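Open the model in your viewer and keep the selection panel at hand. We will go stop by stop.

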Amino acid sequence: LLHQPGVASQTETACRCCGGQSLHPFLDLGFTPLADRLIRPEDGDTPELTFPLVVAFCPDCALVQILETVAPEILFADAYPYYSSFSPALLEHSRANVLQRLDERELGPSSLVVELASNDGYLLKNYVEHGVPVCGIDPADGPAAAARKVGVPTLCDFFTEEFASKFVGEHGKADIVHANNVLAHVADTNGFVAGIRNLLKPNGVAVIEMPYLLRLIEHVEFDTIYHEHLCYFSVTALDNLFRRHGLFLNRVEELAIHGGSLRIFVEPFEATGESVEKLMAHEKAIGLDTLDFFAEFSARVDTLKEKLLGLVYKLKGEGRSIAAYGAAAKGATMLNYCGLDTRQLDFVVDRNVNKQGMLMPGAHLPILAPEELVARKPDFVLMLAWNFADEILAQQQEYRNAGGRFIVPVPEPRIV
Ligand code: JHZ
Ligand code: ZN
């Protein structure tokens with residue numbers, strides 16, 4: 001893999017949130033290709049761009065972050081292959097989220113709900129069903145077009161501080177702003193949060209989801225580290241970030257989705273609830289706001305890698321065939337960091353029809369439809385989308401009844 005230094009990315013030397021100058025790297029995943037940049041088969045011989053993937057801790061604001069910033073135009077623009085609606089569990093999760101918001105707030109035809117990174121309309125369509133006006137904002141044109149098709153008005157653009165001012169001038173302010181799994185993706189974190197502050201009505205609320213750093217560390221979910229994810233949030237770091245912009249974390253919920261997530265409720269006035277105080281006290285007690293907490297992590301990642309490779313090589317030595325499930329972004333990190341590719345794994349399956357027919361970045365596994373598991377009967381399947389393991393195992397009863405087995409890599413490689 002070829003690295004072209006200076007092309008399309010920059011290495012940060014100061015904290016991307018607070019500007020602090022004492023970033024401490026604690027994990028180096030090497031040079032990796034971009035996790036969602038799938039390869040067309042005809043481009044299989046063209047060397048891919050790779051970028052350094054180093055994770056660091058900022059002692060000034062407790063934010064964990066990667067040092068490399070890849071230009072967003074490269075990460076998210078054309079051919080961004082992620083469509084939220086391929087997971088029924090995620091759709092159910094999002095629908096429940098909307099029903100709770102409708103329960104809590106008086107929303108009607110004169111309200112406005114905005115979602116940042118609204119993808120294919122998977123969440124906002126639930127408000128539309130209830131007659132609440134919405135506007136989605138998403139820079140990826142494929143998913144944005146899919147959203148419009150299901151009746152979710154969507155502006156195809158990056159959400160920035162300037163965009164927010166223009167938007168408020170044209171559409172007014174929002175009662176609810178949703179932003180799921182996007183805060184970590186934004187290079188100008190402060191501008192994004194300032195934009196949210198501007199977008200909210202005085203009594204409005206931003207309901208924001210992100211993977212929880214504590215679960216990432218606990219469960220060795222190192223594969224959720226890739227260039228799209230610039231930040232890895234604790235409640236403490238989030239509190240520091242939002243306060244800087246006159247926004248307050250008043251409530252927080254823990255969710256099981258994506259290996260363990262936070263849903264935070266942010267408002268333009270301070271009314272800190274018990275849920276926030278409890279989690280912040282817990283983080284302080286375990287030292288999640290100190291560098292020491294991360295000292296062992298790199299060794300634990302390597303242990304996982306060694307165990308997984310040990311298992312894969314043992315099975316290959318016994319003449320077993322192995323495929324993979326989920327052409328997920330996190331799958332790219334798992335494969336590339338472990339050095340797994342077409343030498344060990346025959347193919348990967350994924351329900352997302354936009355991914356099928358392409359090759360995984362770096363590892364170049366061909367992406368096929370899930371039906372191929374039953375058709376081709378690999379002995380084992382490496383579960384790259386382990387965050388949806390329950391859902392996928394249930395769907396794959398036929399393959400499993402025929403003797404097929406899954407290898408779940410996280411938190412510790414095991415066969416199910
Ligand atoms: P999935 C995504 O990451 C996208 P990824 C993004 N980078 C992000 O921030 C995180 O989530 C939080 C497929 N699948 O969603 C769909 C099946 O084939 O865990 C996906 O390609 N059958 C913005 O890409 C992949 O697996 C199924 O039954 O790491 C899962 O990828 C299900 C449920 C999924 O995340
Ligand atoms: Zn900082």
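Start by selecting ligand 1 and the shell around it. By class, that shell holds nine nonpolar, eight polar and six charged residues. Here Ala, Val, Leu, Ile, Met, Phe, Trp, Tyr, Cys and Pro count as nonpolar, Asp, Glu, Lys and Arg as charged, and the others, Gly among them, as polar. The model is predicted: local features need pLDDT of at least 70 and side-chain atom pairs pLDDT 80 or more, while totals for chains, interfaces and linings use all residues. Residues are numbered from 1 along each chain as its sequence is written, chains are lettered from A and ligands numbered from 1 in the order in which they are written, and side-chain values use heavy atoms, without hydrogens and water.

His229, Asp350, Arg351, Lys355 and Asn387 come nearest among the 23 residues around ligand 1. A residue counts as near if one of its heavy atoms lies within 4 Å of the molecule.

Next, show the polar contacts (pairs of N or O atoms within 3.5 Å).

- Lysine 330: an N or O atom of its side chain is 2.8 Å from an oxygen atom of ligand 1.
- Arginine 351: a polar backbone atom is 2.7 Å from an oxygen atom of ligand 1.
- Asparagine 387: a polar side-chain atom is 2.7 Å from an oxygen atom of ligand 1.

How much of ligand 1 does the protein cover? On its own, ligand 1 has 720 Å² of accessible area, and the protein covers 96% of that. These areas come from the Shrake-Rupley method with a 1.4 Å probe.

Colour by secondary structure. Helix H11 (329-338) and helix H13 (389-395) each give at least two residues to the shell. H13 gives the most, with three residues. Helices (H or I, at least four residues) and strands (E, at least two) are DSSP runs, numbered from the N terminus.

Then colour by domain. The chain divides into domain 1 (84-294) and domain 2 (297-415), with bounds from an automatic or database domain assignment. Each domain supplies at least three residues to the shell around ligand 1. The C-alpha centres of the two domains are 30 Å apart. Their contact (heavy atoms within 4.5 Å) takes 18 residues from domain 1 and 20 residues from domain 2.

Between them, the domains bury about 1,800 Å², 68% of it on carbon and sulfur atoms. Buried area is the accessible area (1.4 Å probe) that two parts lose on being put together, summed over both. Select Phe86, Phe222 and Asp223: they supply 38% of the area that domain 1 buries against domain 2, more than any other three residues.

Finish with the backbone. Most residues other than glycine have a negative phi, and most peptide bonds are trans. Go to alanine 117, whose phi is near 65°, in the loop between strand S6 (113-116) and helix H3 (124-129). Lysine 377 has a positive phi of about 50° and lies between helix H12 (371-376) and strand S17 (380-383). Last, a cis peptide bond joins valine 410 and proline 411, with omega about 0°.

Methods
Polar contact = N/O pair within 3.5 Å; in protein donor to acceptor, adjacent residues only side chain to side chain.
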